[in-house]
Amino acid sequence: MVRLNDLLPAVGGREVHGPAELSVEGITYDSRQVKPGYIFVAISGYIEDGSSYIPQALEAGASVVVSSKRTERLARPSRWGGSATQVVVDNTREALAKLATAFYNYPSDKLNIIGITGTNGKTTVSYLTEAILKENGARVGVLGTIAYRLGEKILPAPITTPQSSDLQQMLRKLVDEKFTTVVMEVSSHALSLQRVEGCEFDSALFTNLSREHLDFHESMEEYLRAKIRLFSTLGKNARKEREKLAVLNLDDPSTEKIMQSTEAKIVTYGIERKADVGAKSIKLNLDKTIFSLLSPRGEIKISLPLIGKYNVYNALAAGAVAFGQGIDLDIIKRGLEKVSSIPGRFERIDCGQPFTVIVDYAHTHEALRKLLDTCRELKPKRIITVFGCGGDRDRGKRPLMGEVAIDLSDYVFVTSDNPRSEDPERIALDIEVGIKRRGKNNYQTVIDRFEAIEKAFSMAENGDLVAIAGKGHEDYQILKDRRVHFDDREVARKILSEKG
Ligand SMILES: Nc1ncnc2c1ncn2[C@@H]1O[C@H](COP(=O)(O)OP(=O)(O)O)[C@@H](O)[C@H]1O
Ligand SMILES: [Mg+2]
């Protein structure tokens, strides 16, 4: 049994109004999840203020309310025994994380936790790292964009990095089920919003940094600062003995700043600059990528089933973490070679059609550039690109993506990609601004994504490549008032099989 009294030391500056000698049955920030005896933490978000849900939480039986402002009287229905205890804190997000960490009894103490941050490659690196660690005998849980995978149990991932109390609950479950290791994607939102507070990382890995989420972070500097937090806090107030590792991409200009911020042991990887873990003799093929992985403990030839140069970086990143944790090169090789594809990441759709179809999650201009460069390396006759930009998100990237698409494709279909509350036509116009800057007219706008894919396939001839970018593994389209099922891979297969 956990008592409020036992949890309170985890949060510093706070006032307590009401009894603290009561047992706590759970902790949540979502009033719909409250059950009798729960702590409800009213998070002040940027859209909604959690304190407006306090009455609902009390109605559901919350016995403790944590918030940043004192509410005069917390009226709990009499069937739950009248009043509730109120805890007032400065920072409700931090309090949620710290109380949850204490409530679940510090689960990260018992796990080897690897956090992956950076603009692109996190999901891919998480799968590659998982494969190596499994090959080394670990029981690995994976938390990230595609799903939260807790062994047999696969939960949908509404956000890349779960909210702190959900995260701590999942970590506890993993410990109870004898997992040894967790690989998780740590988004910059998660770092800014303190979702991983209370989670002690053993290794922190940086992929790269480019323009993304700028509506949220305002500037690159601020964005970098958010990412740096994973490294600057690494090993501070450590509860575990394991040596902390910062695994950094030496070819990325932001790495230098990160290096200065961390006290952890640094392991670097890279291709251009001489890093601890490097690559040479890279051969980019249609169906696999071959290279020699170089390390201070020798080199080993890898035949990676993933395509494109950026996946060499991703493999080196995963290899460098494993190398830093003392795993043998032949185990690293076996793990990397087992990952046949990553859902929605350069995923090939083959229904016997005479042209290549690639579905990819690239939804930033840098990722789109890498995707289309990679497509070009496969030497198709023409590249036909289908893509759009999300609504209610960084508008600045729309013309940039338009430029990249038109520069690197032979024909472009501009379409919708989660327009949300915005008018999809307007989003398309923003993209067209970039295309027109290049003085090109080899494109058309087809707002309906199904129709856009259909038109691209009708245009494609023998030896061409159709790149459908932006959604990858996503199986929905978010419109103004609803979310509808839409899966590029499914749609592509449907159209191709009906055609053929
Ligand atoms: N190392 C990398 N550098 C640049 N772009 C990458 C890299 N790895 C993947 N990408 C691109 O980004 C897209 C998303 O990759 P993913 O592994 O899902 O990254 P994340 O989880 O960081 O969004 C891929 O489909 C590919 O187009
Ligand atoms: Mg991801």
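In which loop does phenylalanine 346 lie? Select phenylalanine 346: its loop runs between α11 (329-338) and β19 (347-348). Helices (H or I, at least four residues) and strands (E, at least two) are DSSP runs, numbered from the N terminus. The phi of phenylalanine 346 is near 45 degrees, a positive value in a residue other than glycine. Its relative accessibility is 8%, so phenylalanine 346 counts as buried. Buried means under 20% relative accessible area, exposed over 50%, and partly exposed in between (1.4 Å probe, protein chains only).

A word on the ground rules. This is a predicted model, in which local features need pLDDT of at least 70, side-chain atom pairs count only at pLDDT 80 or more, and totals for chains, interfaces and linings use all residues. Residues are numbered from 1 along each chain as its sequence is written, chains are lettered from A and ligands numbered from 1 in the order in which they are written, and side-chain values use heavy atoms, with hydrogens and water left out.

**Zoom out**

Show the whole protein. It has 16 helices and 26 strands. The radius of gyration is 24 Å, close to the 23 Å that the globule rule gives for 500 residues, so the protein is as compact as a globular protein of that length. That radius is taken over C-alpha atoms, and the rule is 2.2 Å times the number of residues to the power 0.38. The C-alpha trace spans about 75 × 55 × 40 Å along its principal axes. Of the 500 residues, 57% are buried.

**Helix α3**

Select residues 92-103. This is helix α3, with 12 residues. From first C-alpha to last, α3 reaches 16 Å, close to the 16 Å expected at 1.5 Å a residue. The expected span is 1.5 Å times one less than the number of residues. In α3, 10 of the 12 residues are buried, so the helix is largely enclosed by the rest of the structure. Colour the buried ones, among them Arg93, Leu96, Leu99 and Phe103.

**Helix α5**

Next, select residues 164-176. Helix α5 has 13 residues, which should span 18 Å, and its end C-alpha atoms are 18 Å apart. Its buried residues include Leu167, Met170, Leu171, Leu174 and Val175. Step just past α5 to lysine 178, which takes a positive phi of about 65 degrees.

**Isoleucine 114**

Now pick isoleucine 114 in strand β8 (residues 112-117). Is isoleucine 114 buried or exposed? It is buried, with a relative accessible area of 0%. Show its contacts, where contact means heavy atoms within 4.5 Å. Leaving aside neighbours within four places in sequence, isoleucine 114 touches Thr129, Leu133, Val182, Val183, Met184, Phe201, Ser203, Val321 and Gln325.

**Two last picks**

Go to asparagine 237, in the loop between α8 (220-232) and β14 (245-249). Asparagine 237 is not a glycine, yet its phi is positive, about 50 degrees. At 74% relative accessibility, asparagine 237 counts as exposed.

Finish at glutamine 56, in helix α2 (residues 54-59). Glutamine 56 counts as partly exposed, at 42% relative accessibility. Its C-alpha is separated by 41 Å from that of arginine 489, 433 residues apart along the chain.
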